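Dear colleague,

Please find the structure below, handed over for your use. My notes on helix packing, the nonpolar core and several individual residues follow it.

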Amino acid sequence: MPTPTTPSPWRAPDLSMRWWPVFLRNLLVWRKLAVPSLLGNIAEPLMWLVAFGYGMGALVGQVQVGGKNVPYILFLASGSICMSAMNAASFEALYSAFSRMHVQKTWDGIMNAPISLDSVLLAEMLWAAFKALFTTTAILGVMLALGISYSPKLIVAWPVLLCVGIMFSSIALIFNALAKGYDFFTYYFTLVLTPMMFLSGVFFPREQLPTAIRLASDWLPLTNAVELVRPLFMDQWPQHPLRHGLVIAVTTVAAYWVALALTRKRFRA
């Protein structure tokens, strides 16, 4: 008799609306800690903004972006809000998701119901993106209160930041699937996120970088997020929205597929 073959972990995602109850479960748990969680997520980016925006901004004055001089605090704010979306999504898709998956075994309990691993992972990805959007919305409100930008085009930045959160949560879930413990995430923050943060034009124009590094940085996920959001703060439209949007979309789909395959392998082992 033929033996049944094991399904490939790289098969197409089995997507359905069964992710929604898992998302709601995470929301209900998080509501108890919403305020301290929000304060923790926005405190660091606001410290960066105040220290560098007003401190270094007083020394730098203005920087040139696309042939236009803009205040340094505006330059920094438009980049740091993308960095905040990256960090918030990454923290949730790493530490919190790993706790639910490995430490608390919450995923195992959920999958006793008629919910597949694919739906659980999709819920985790969208939940981390929601946390990132919630954080960036709060930071954006503070920036508006400080009068950093009143551009009406900032309304477009909101869905862009959601897409940024989805992208980085998908990338982080790859490392979540590979991790054996919390210490493993240090490699991701040190070797991936931190270099990207300094090479993507968050703190200084990328034109200051050596040509080879600048050309390589054109394809970094955070670079393309900043290139979409920064012009909106300046009341302008991005110069190459389709290219930047395509990079974000391709990165998201590829990262989610890899994360799903690795997570399937982990649960099959």
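Helix α1 (19-31) and helix α5 (residues 117-145) pack with their axes 8 Å apart, at an angle of about 45°. Axes here are lines fitted to C-alpha atoms, for helices over the stretch in contact, and angles run from 0 to 180 degrees between N-to-C directions. Helices (H or I, at least four residues) and strands (E, at least two) are DSSP runs, numbered from the N terminus. The two helices α1 and α5 are therefore oblique to each other; angles under 35 degrees count as roughly parallel, over 145 as roughly antiparallel, 65 to 115 as roughly perpendicular and the rest as oblique. The crossing in which α1 passes α5 is right-handed, a crossing being right-handed if the near helix is turned clockwise from the far one by less than a right angle, and left-handed if anticlockwise.

On the α1 side, the contact is made by W19, V22, F23, N26, L27 and W30, and on the α5 side by S119, L122, A123, E124, L126, W127, F130, K131 and F134. Contact means heavy atoms within 4.5 Å. By class, the residues of this contact of α1 with α5 are 11 nonpolar, two polar and two charged. Ala, Val, Leu, Ile, Met, Phe, Trp, Tyr, Cys and Pro count as nonpolar, Asp, Glu, Lys and Arg as charged, and the others, Gly among them, as polar.

The model is a predicted one, in which local features need pLDDT of at least 70 and side-chain atom pairs count only at pLDDT 80 or more, while totals for chains, interfaces and linings use all residues. Residues are numbered from 1 along each chain as its sequence is written, and side-chain values use heavy atoms, with hydrogens and water left out.

With helix α6 (residues 154-178), α3 (residues 72-103) packs at an angle of about 40°, the axes being 8 Å apart. The pair α3 and α6 is therefore oblique, and α3 passes α6 in a right-handed crossing. From α3, the residues I81, C82, A85, M86, A89, S90, A93, L94, A97, F98 and M101 meet L161, V164, G165, F168, S169, A172, L173, F175 and N176 of α6. This contact of α3 with α6 comprises 16 nonpolar, four polar and no charged residues.

With helix α7 (residues 185-199), the axis of α3 comes within 12 Å and crosses at roughly 170°. Helices α3 and α7 are therefore roughly antiparallel to each other. Here M83, M86, N87, S90, F91, L94, Y95 and F98 in α3 meet F185, Y188, F189, L193, M196 and M197 in α7. The contact of α3 with α7 has 12 nonpolar, two polar and no charged residues.

The largest nonpolar core has 82 residues, among which F168 and F233 touch the most other members. Its largest share, 18 residues, comes from α3. A nonpolar core is a set of buried Ala, Val, Leu, Ile, Met, Phe, Trp, Tyr and Cys residues joined through side-chain atoms within 4.5 Å; buried means under 20% relative accessible area, exposed over 50%, and partly exposed in between (1.4 Å probe, protein chains only). Leaving aside neighbours within four places in sequence, F168 is in contact with M86, A89, S90, Y188, L193, M196, P221 and L222.

N176, also in helix α6, counts as buried because its relative accessibility is 0%. Beyond its neighbours within four places in sequence, N176 is in contact with A93, L94, A97, F98, M101, W107, F185 and R266.

P13 is found in the segment before α1 and is partly exposed, with a relative accessible area of 24%. Apart from neighbours within four places in sequence, the contacts of P13 are D118, Y256, W257, L260 and R264.

N69 lies in strand β2 (residues 68-71) and, at 47% relative accessibility, counts as partly exposed. Setting aside neighbours within four places in sequence, N69 is in contact with Q62, V63 and Q64.

Two backbone points may interest you. K105, a residue other than glycine, has a positive phi near 60°; K105 is in the loop between α3 and α4 (106-110) and is partly exposed at 46%. D235, likewise not a glycine, has a positive phi of about 60°; D235 lies in the loop between α9 (221-233) and α10 (241-268) and is partly exposed at 39%.

Yours sincerely
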